[in-house]
Amino acid sequence: MAQQAGGGADGGTEVPLLLSPAPGTTPTPTPPRRNRFAFVCATLASMTTMLHGYNLTLMSGAQLFMREDVGLTDAQIEVLAGSMNVFMLASILAGGWFADRLGRRSTLVLANAFLMAGALAMSLGGSFAALMAARFVTSVGAGFARVVAPVYNAEISPPSTRGVLSSLLDIFINLGILLSYVSNYAFAGLPVHLGWRVMYGVGVVPPVFIAAGVFFMPESPRWLAMRGRHGDARAVLVRTSDTPTEADLRLSEMKQAVARHAAGSHTGAGGVWKELVLRPPASVRRILTCVIGLQFFVQASGIDAILLYSPLVFKSAGMSSTAAALGASVGIGAVKTGFILVGMLLTDRLGRRPLLLASTAGVALTTAALAATLLLGSSAPSACVAAVLAVVAAYSVGYGSVVNAYSAEILPLRLRAQGASVGVAVNRLTCGLVGMTFISLADGIGMPGCFFLYAGVTAAAFVFVYARLPETKGRSLENMEVLFDK
């Protein structure tokens, strides 16, 4: 019998008829195109974060030319390099509110608008104050993207491929980082007053096309369910689930999750923050501990000291040529992107926990090895480059590919957007602290001392992952709290 789904009093749209198989016949397998549609949606959402990676690490090479053209001091370079992470806090903390009020899709469009304006302002800046203002505008867009993209990807993805699709944004962040290093190298031969401006100006165009693509994405089905638009939510789920039966099951779980939260005593955005901060249930406290701990440790590993200051690290190891240092930085971007792809492909096969354990152990060991090569001074530039690439590879295969996906998927539906904001805020604050103190810290305890310190912190991260983080592979988003109630 034909069965109609989707329309009705809740304002939903109609979806194609679903036909039950005739008795005695074998049902026709559902084609895999629906997962491809979810892949396209997650890809478009993730592409917004590419401009964050590009603008963040472009400073590593651009600052070599900005010093001469604008007359920036070491202290101003440190502030410019790290300030983006601090400025992002405003939009990160507001991103959850915007995502819940405007929808995930509209907030991503807004993020692209800020990223475009920030790139243009950065390329035209002629003073430290103007560059700081441009950095702030860029940071607003980057903050929105970092909060909303992982939430959207987790909510649009079927359980069978959620790890891969949630990790896509890490691929695009690091693709942006790779492109920034390529841009540094490609435009380094231009006149000093022009080269770094072209590097930033290149970032003006992509947000226009990405925003246009986002308009063709469906809204998150979980956001639609939170608004009572169950027909619209099911229409999206039918296109992004492995089977129509799975779509109905996912919608049923969403309705139950929304009903549970609606039956609670907390209402509105203020109630969400109270539930997160003031009176969280035991399961939510454990979830927040995992989210905040992961987001702290992933940046306290010192990875941004390498990403932002790799030319300085290489020169400290005896690499005297600026062109050679910038070329070696391109290798960092290539290795980082490649190993994040490896981690992304393994996330749904091996699970989140094994990758995080392997990554934290690997980063601790390779960072200590990097510190040892720097103790040799200017006699071991090749060993330094090899150690840096090893750190980046170990970081990317787990830390770089799993943390954002894990953080987004374990948060309960009602708390997901604001909870993700808290996690990303901790991430960016720690990242900003590393970026704004590395040069000064290296002057105080030496560059080898910095990396020995980061290695010790990452060893502590291994213990944290081993003791606190359960495996989430294959679980539905609506059942995560059950896992953390144990």
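The model is predicted: local features need pLDDT of at least 70, side-chain atom pairs count only at pLDDT 80 or more, and totals for chains, interfaces and linings use all residues. Residues are numbered from 1 along each chain as its sequence is written, and side-chain values use heavy atoms, with hydrogens and water left out.

Me: Why are H5 and H9 called roughly antiparallel?
Reply: Helix H5 (residues 104-124) and helix H9 (residues 192-201) pack at about 175°, axes 8 Å apart. Axes are lines fitted to C-alpha atoms over the stretch in contact, and angles run from 0 to 180 degrees between N-to-C directions. Angles over 145 degrees count as roughly antiparallel. H5 and H9 therefore get that label.

Me: What makes the contact of H5 with H9?
Reply: Ala119, Met122, Ser123 and Leu124 of H5 meet Trp196, Arg197, Tyr200 and Gly201 of H9. Contact means heavy atoms within 4.5 Å. The residues divide into five nonpolar, two polar and one charged.

Me: Why does Cys384 count as buried?
Reply: Buried means under 20% relative accessible area (1.4 Å probe, protein chains only), exposed over 50%, partly exposed in between. Cys384 has 0% relative accessibility, so it counts as buried. Cys431, also at 0%, counts as buried too.

Me: How many disulfides are there?
Reply: A disulfide is a pair of cysteine sulfur atoms within 2.5 Å. By this rule the count is zero.

Me: What span does H18 reach, against what is expected?
Reply: The expected span is 1.5 Å times one less than the number of residues. Helix H18 (residues 352-375) has 24 residues and reaches 35 Å from first C-alpha to last, close to the expected 34 Å. Just after H18, Gly377 takes a positive phi of about 75°.

Definitions and conventions: Helices (H or I, at least four residues) and strands (E, at least two) are DSSP runs, numbered from the N terminus. Angles under 35 degrees count as roughly parallel, over 145 as roughly antiparallel, 65 to 115 as roughly perpendicular and the rest as oblique. Ala, Val, Leu, Ile, Met, Phe, Trp, Tyr, Cys and Pro count as nonpolar, Asp, Glu, Lys and Arg as charged, and the others, Gly among them, as polar.
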